[in-house]
Amino acid sequence: MSLNTGFPETDLSVTGIDFLKRQNCQQHHTDAYNIKNLVVRRGYPFQLELTFNRELRPTDKLSLRFSLGENPMKIRGTLMSLNPMLQPDFGGWKVSIVKNSGTQCLLSVISSPWAPVGKYTLNVKTGSNIYKPEMSDIYLLFNPWCEDDVVYMADEAQRNEYVLNDTGYIYVGSAYNIYNRPWNFGQFEEYVLDACMYLMDKSGLKPGSRRDPVLVSRAMSALVNANDDNGVVLGNWSGNYSNGTSPMDWIGSVAILQQYYKTKKPVSYGQCWVFAGVLTTVMRCLGIPSRCVSNFNSAHDTDENLRVDVYLNEVGEKLTSMSLDSVWNFHVWNDVWMRRLDLPTGFGGWQAIDATPQEQSQGLFQCGPCSVKAVKEGDVYLPFDGKFVYAEVNADKVYWIVKKVNGKNKFTRISTETEGIGVKISTKAVGEDRREDITSQYKFPEGSIEERESMEKALSFIRPSGMVPRARFASVNSTDERPLSHQILPPEPVPKTGVHLEITNKAPLHPGNPLELAITVKTSTPGKWTINLVGSCQLQSYTGKVEASLGYVKETVELEGGSETQIPLKIGADTYMKTLASAEDEVLVHVTAIAEVQGTEDKLTKEITMPFEYPPITVQMPETAKLNEEFTCAFIFKNKLNVPLDNCKLLVEGLGIFKMTAFDQGDVQPGRIIKSEVICTPTRLGEKKMVAKLTSTQLKGISAEKKITIIN
């Protein structure tokens, strides 16, 4: 006898889903993303509230289906079907019922800490019904807060800096004068997360590979440059930026990534700090801790011999056309944080990646991730690109003088510098607006036993076997054949005279003023010494390319042991202002001095690169402002130089306050003050920064920033 309860049996169906975005995003540290969808991190629980047409019963069939990519399959880990009644655990994902009352059911879902990262589509199956919610896409990111995730970072202050901070600095200039360039990373801004997901799709990484930060960061280092794959930014070092934006004019990654996502075409133009800034944004956006790293006197060693040859003419001017290798005043790349399950134990932590297209790796312009610890210890055989990164921070610099003898070039080695490459490696400090020197993370102290052992180990992997040193190789080189780059040079004789050179500027290097420089020659050994000195001044770009030769001094000085003399080197403003105005890039003042002591083998070179100095921009605004209430921000600049500044342009941006805006200011005469005002309406709480940049024909970028706290 069948029991008739009088209630018709209705199929269970879902009538709505609440993604509980506010509470989930707060718990997952994703509440800053400017996106309507739910953004969560893998390995952490999130809750969903389902509403049914009737009460959920133990006999009902219910499954949540999370799918990733075009053709999701359970076997590939791209289709998760979770049934809280029958199979609460699938592929490392878990689902459980937290509360079931009336027609509402609260579920808790935990994704696997090793799940592929990407945009998942959620639908709910009840019996034969499938419910597709309106905002069905859920973004799943790497999780530095989760101990089981390979990108786990234990320190909260570091997570706040390397994952959540959307502003920062990129360090530029030269080793003798480092300054910061404020940069807006803006990983939470509109369309930036979608741009990163588009890059993940474009990367060609199989869904299973998207779980591994090693493969993801390598793919992104290739995609942030436009070489090979129509990636984000097109590099340009030509000095001609007429059909794009000059690399000097960017103040952040947001406008670049938004333009790229909208057009799907490379954005023009970038140089190393732009690539590094954009790559930091992409990594932080995906949840991989990342920082910009600036290496000063960075070697670009084209033939992997750990040697950079610098050729000078008889007055000490650098001959860039002869050199295949180069030394950049600075080069910016990135470090990303992860455990390396693919390497022997101990090589986790910071890994170097580089999006600047310099050399191909496995057929593409990509670089890293390369364990920073492996670089320090000389273990350059480990993947990826260890030899290249090792050379950037450790190459030796060999100086040659090139003289014409009987119509042929004669090369004479004058000195080798073993400590000049890879100095003052810099990044922004954690939680503070200051530079942190991280050189010791990349290399042992110069001259230490560990440093020598690391170098010998690295050389054993870099040098082709069977190469033999040739005695007194440099001095017998009288033909026009260059010294073979892979030949091992004999050690230099120890100087007997204790000659020492110093190069200084006696007055600030303001454009429009004469460059007042001086070369000081010192000796520390008793005796009388006659010294032939040449010193030259050139303008060069940050990549070491000579833009103009400005003049030189040539003198013979006599010194007695323990004394010094100073030789002035003065360059008139009219000698260099034309080059300064015609160069599209920022140029630096480069001085080289060579001293040769008569009657001895003692030869010495010294070079220094110094940026020009500019008047500041002042930012005026309140210290606090209220959410959604207007306030005024003023930018003031006085031209304290004694030359007019043509085509002045002011670029300003404040994340969460207003989008990047440009003001054309025309020509600004000496002594004139310009002032621009912006009416701002803040849309996000917390500490925010205003960043301003002024460019003109004569000066390529003065930056300023100011903080403001947005309150309720």
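Which strand holds His 331? In this predicted model, His 331 sits in strand 18, residues 326–338.

**View 1. Active-site positions listed by UniProt.** The unreviewed UniProt entry gives Cys 272, His 331 and Asp 354 as "active site". These positions span 83 residues in sequence, yet no two of their C-alpha atoms are more than 9.9 Å apart, so they gather at one spot.

View 2. Cys 272 belongs to helix 6, residues 272–286. With a relative accessible area of 0%, Cys 272 is buried; His 331, at 1% relative accessibility, also counts as buried. Leaving aside residues up to four places away in sequence, Cys 272 touches several residues, including Trp 237, Trp 328, His 331 and Tyr 542.

**View 3. Binding-site positions listed by UniProt.** The unreviewed UniProt entry assigns "binding site" to Asn 394, Asp 396, Glu 446 and Glu 451. Although they span 58 residues in sequence, no two of their C-alpha atoms are more than 13.3 Å apart, so they gather at one spot.

**View 4. Surroundings of Asn 394.** Asn 394 lies in helix 8, residues 386–394, and counts as buried at 6% relative accessibility. Beyond four places in sequence, Asn 394 touches Ile 421, Lys 443 and Met 455.

**View 5. Surroundings of Glu 446.** Glu 446 is placed in the loop between helix 9 (439–442) and helix 10 (449–462). Its relative accessibility of 29% counts as partly exposed. The side chains of Glu 446 and Lys 443 are joined by a polar contact of 3.2 Å. Not counting residues up to four places away in sequence, Glu 446 touches Thr 418, Glu 419, Ile 421 and Glu 451.

Note on methods:
Residues are numbered from 1 along each chain as its sequence is written. This is a predicted model: local features need pLDDT of at least 70, side-chain atom pairs count only at pLDDT 80 or more; totals for chains, interfaces and linings use all residues. Side-chain values use heavy atoms; hydrogens and water are left out. UniProt positions are given in the numbering used here, feature names are shortened, and annotations may be inferred rather than shown by experiment. Helices (H or I, at least four residues) and strands (E, at least two) are DSSP runs, numbered from the N terminus. Buried means under 20% relative accessible area, exposed over 50%, partly exposed in between (1.4 Å probe, protein chains only). Contact means heavy atoms within 4.5 Å. A polar contact is a pair of N or O atoms within 3.5 Å; within protein, one must be able to donate a hydrogen and the other to accept it, and residues adjacent in sequence count only if both atoms are side-chain atoms.
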